[in-house]
Structures are given as structure tokens and as C-alpha cells.
Amino acid sequence: MSRTTIIRFLSIVTFLVLVSFAGNATKEKKFDVTETIMHHIGDAHEWHLWGEGHSGTSIYLPVIIYDKELKIFSSSHFYHGRIMPVVDSLKPTEYLLGEGDAKGYALFHEKIYKVKDGALQFHGLHPHNAMPMDISITKNVLSLFIGAFILLLVMLSTSLYYKKNGAVAPKGIAKFIEPLIVYVRDEIVKPNIHGAKHTRYIGFITTVFFFILVNNLLGMIPVFPGGANLTGNISVTLFLAVCTLLVTVFSGNKNYWKHIFATPGVPWALLPIMIPIELVGIFTKPFALMIRLFANMTAGHIIVLSLISIIFINKSEAWGLLSVPMALFISVLEILVAFLQAYLFASLSALFIGAAVEEDHH
Amino acid sequence: MNLVTPSYGLLFWTGITFCLLLLVLAKFVWKPVLNAVNARSQKIDEALLEAEKARQEMKSLHAENERILKEARAERDAILKEAKEAGAKMIEEARDKSKVEGAKLIEAAKAAIGSERNAAIADMKAQIASFSVDIAEAIVKESLASDEKQKALASKMVEDIKLN
Amino acid sequence: MAVFGSVAAIGAGLAVLGAGMGIGRIGGSAVEGIARNPEASGKIQTAMIIAAALIEGVALFGVVVGMLGANG
């Protein structure tokens, strides 16, 4: 893609964002930046396309809950359900009471609660009703599937190329993907995990890298197939970090555990202090990974949305002249960050695993 | 707070999707692709090695050719030299031989000439002697035709003898 | 909420301050290192990015705690 094509594409994308927000602003309700942004970076049971409220256009995603039995129904039963007010002196809000198949459940801040006596019982701003186990296909889950589908499509066609043509110089999509795969192996896995052992971890590290990269980039597309803040969701980063933690702990060799329980060069009297620190250290490393990816991606989305929101805060399209180029600039920066964060997650995972399988050479 | 609270649903689906992706990608993509890349790099290495080998071979072949050429040249030179020497020797020999022959021939000719001459001289001498006898006979016959002449001769001879 | 928000913003600001100083130092040292030894620029870059990421992680930790304060 040439540079002009990219610029044209990005400007169309920004324009679309502008249009989708413009729909929001027509309403007289006071524009709440925090809520709009939180709504956009959060998860939802619908994929909102354009418009507002009942007149808007959304993709209603299936709700799957386990409450003694498995129940599957469309989320439109919530979004087209009854709007119930929540009385609060500081910040009055509302929740949605399910109808039809969703009867007996209510949706408050995209969380499903069991209704008691026809309503939710609030304690301040928090309902203390029971929650069924919610494994719905939410916006983020659908985005996850789309990302996985794209990843599989791209990667399997790459792999198919080699199956068809054998070990020859790559062409087409393989020409684009192969250097990335080789880069991950040669620049991320090999320098961090020494020796022949690195082959065992190529699969994990490469999958993590591409999974994060594809979902990061997908999140930067403001219209339908993208835009979900998937890699900026703590659940996703938590899962990835737990994977790294498990791989690190289970591939840790004698040397690794020795460094934790009997750090060489530390007097034994200090061990009661050192051991807890080292044990905490096992968890803080993946924890930092989780927070880093989550906060970086969420922050990126927040900045872009905040810049676009300037227009609606000031209620003047003229601000678009300032905010749109700035949002464009940040979006381009975010594409860099998308690559950087994928690189960092994979690289640091490789570093931790590498430290765990390092042989003793004192 | 909502933002940093993991939701079980997404965790669940992420887990399933990621694990499936890991299995499928590791088995059907990373492995074959990296194998293909390795195979290719090995192929390239081998090809390079072979090319290097071929170049070395070419080089050695070239050297061999050069050597053979050199040898041939040297041989040719040697043969030429030998031939030249042989020719020179032959010429020399022939010259020597012809000289000797010539000398012999000359010698023989000389001898023949000498003997011929001797024979001729001897013959001439005999002829001259017979001529002289004839002449002398004629002269004697003439001079001794009268007594005075006989007496004059006898006196002259006596005179000659006296002078000697 | 309003008060919490302001305090959280100050906290986030402080976290950014510290991280900015740290990353600035890393960047400066890396550039110096590359200027002195241009052949090692690749290695220096990798080390720089990883170190910056670790600092950033701590800073983001502060930001997240700030967010918790803002939302809680």
C-alpha cells in the first residue's frame, strides 16, 4: 500500500468516526465525556454501529448465561427492554430490565443481574443482586473471533503457500508474513532463550505475538470489524499473562528454583526476607505484562476518543480542524504502539521463560 | 473499577480461542513455515557451498590445464632443441665426413696425379733420351763428317775437361 | 467522585513525571551509547526498549491505581 493510500484510508476512517459521533451529539442530553469513553473502551452485549438508543442500529449479540441451566437469547431482549431509572443524588443512571427470553434478568453497566421482585436492589450505585454466570458472546468476544479468524486466514494461506511450492522464495502473502515469523524467532525467541531449548517455545511466543498484534491493529479500526478494545481488556491480558506465568513456572529448571529459594551469594540469614520477595517476583513479572498491555491499549483508545470528544464538548464542528488531525496523529502513533506492545509482550515473555530455563554457569 | 475487573465470559472465550489458535498455528503454520525457511536456508547454504566447490574445482582444473600446457610447451621446447642439436650434429658430422672424404679424394687425386706425372716424366725422360740420342746421332753424324771437325771436338772436350 | 478524580489525576501525573524522567534518561544514555559505539546500536535499542517498557509498566501501574481511585 502506498503512502497516499494509507493517508486516504486514515482520513476516511477519521471521517467515519466523526460521523458516528455526530449522531451522538444530536441529542440534547448533556455530553458526558467520561461515560462515552468508558462505554467505547468497555465491553458490551451489543455492537453499536450508529444512531442513538432504540432508533440506533446495533448488532445484537447472543447472551449466554448459566443459571442452573444454560440459557441463550439475543441481547435485544435487554436493549429493547424497559429502561429503569436508578436514583442517586450524585449521578442518576439507569438499567435495562430484560423482556421476553431475558425476563428475570437485568442489564446494568453491561453486567447481567438476576431480578428480585421485578427490580434490582441498589446499594448506592451498586446492585447487590445475584449474578448468573455470563459467558455471552459480547462485543469483545466477537472481536476476538474476528481477530482469530483473520489470523487463521492469513497464517494458513501462508502455510499453504509453502505446502504447495516447497522451500522456495516466498511470494504474495507469504512474502509479508514470513519475515515477521522469522523476526519473532530470530529477534525475540533466540536472543532470550539460549540454546536448542528455544524451539520448544517458538510456538507459544509467536502465537502470543501475532495474537496481540492482530487484535491491537483490529482495535485501531474505528468501524465495525474493529474498534473493540480487546487487548485493552484486562481479561484478555490477564489470560495471556497467566499463560506466560504457567509456561515460566512449569519450564523452570533446578537453577531457576535455586535462585528463588537459595539465591546464590545471599547470606542464609537474609533468606527469610529474600524468599518472599523472590516468590512475589514470580507473580509481579506477568502482572506487569498484564497491566502494561491493558493500560497501553486502553490509554491509546482513550486519547483518540478524548481528542474526538473535544468537538462534542465544545459543540462546534470547527474544533474538528484541531481534534481530527491530532486524533489522526495519535492513531498513527497507536499503530506503532500496536507493534511495540506485541513485541514487548512476546519479548518479555521470552525473557522470563529464558531466565527460567537458563543453565547454571557460575 | 469495572475497567480492571476481569469478566469470566471474556476470560473463558479468550482461553478457548487462544488455546485453539496456539494448537492450530503451532501445528499447521509455525512448524511448516519455519521448516520451509530452514530447508530453504539450508538449500541456499548447500548451493553456495557447491558453487564454492565448483569454483575451487574450476580453479584447480585451470591450474591443471596450465600445468599441462606448460609441460607440453617445455616438451616442445625440448624436442625442438633436441632436433636442432641433432640437425646441427648431423650437419657437423656430414661436414666432417665430407671434409675427410674430400681430403681423401684430394689425397687420392694427388697421388694419382703424382703417379701420372711421375709416369709422364719418366716417359718424357725416356722420350727425351731417345730424342737426344737421335739428335746426338744426327749431330755426331754431322760434326764427325770431316777430320777437322773431329779434331776440333776432341780438342774442345779436352779443353773442357781441363777447365773442370 | 469529583474529589477522587482530581486526586487520582494528581497521582497519574506524578506517575507520568517519574516515568518520563526515567525513560528520558534511558533514551539519553542509549543515544550516547549509540554515538560512542554505532555498531552496537541494535543491541542498545533492544535493551533500551525493554528497559523503557519496564519503567512504563511501573508508571502504568500508577495510572491504573489512579483509575481505580477515580472509579471507586
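**Interface of chains A and B in a predicted model**

A:T298 is buried, with a relative accessible area of 0% (buried means under 20%, exposed over 50% and partly exposed in between, with a 1.4 Å probe and protein chains only). The model is predicted, so local features need pLDDT of at least 70 and side-chain atom pairs count only at pLDDT 80 or more, whereas totals for chains, interfaces and linings use all residues. Residues are numbered from 1 along each chain as its sequence is written, chains are lettered from A in the order in which they are written, and side-chain values use heavy atoms, without hydrogens and water.

A:T298 lies in helix α9 of chain A, residues 271-314 (a helix is a DSSP run of H or I of at least four residues, numbered from the N terminus). Leaving aside residues up to four places away in sequence, A:T298 touches A:I41, A:N229, A:G232 and B:L3 (contact means heavy atoms within 4.5 Å).

The contact between the chains takes 49 residues from chain A and 34 from chain B. About 3,400 Å² is buried between them, with carbon and sulfur atoms giving 80%; this is the accessible area (1.4 Å probe) lost on putting the two parts together, summed over both. One salt bridge is counted between chain B and chain A (a side-chain nitrogen of Lys or Arg within 4 Å of a carboxyl oxygen of Asp or Glu). A:E178 forms a salt bridge with B:R40, the closest N and O atoms being 2.9 Å apart.

Zero disulfides are found over all chains (cysteine sulfur atoms within 2.5 Å). The sulfur of B:C19 is 5.9 Å from its closest cysteine sulfur, in A:C243, and therefore too far for a bond. A:C243 is buried at 13% relative accessible area, whereas B:C19 is partly exposed at 39%.

Technical notes: Helix = DSSP H or I, 4+ residues; strand = E, 2+ residues; numbered from the N terminus.
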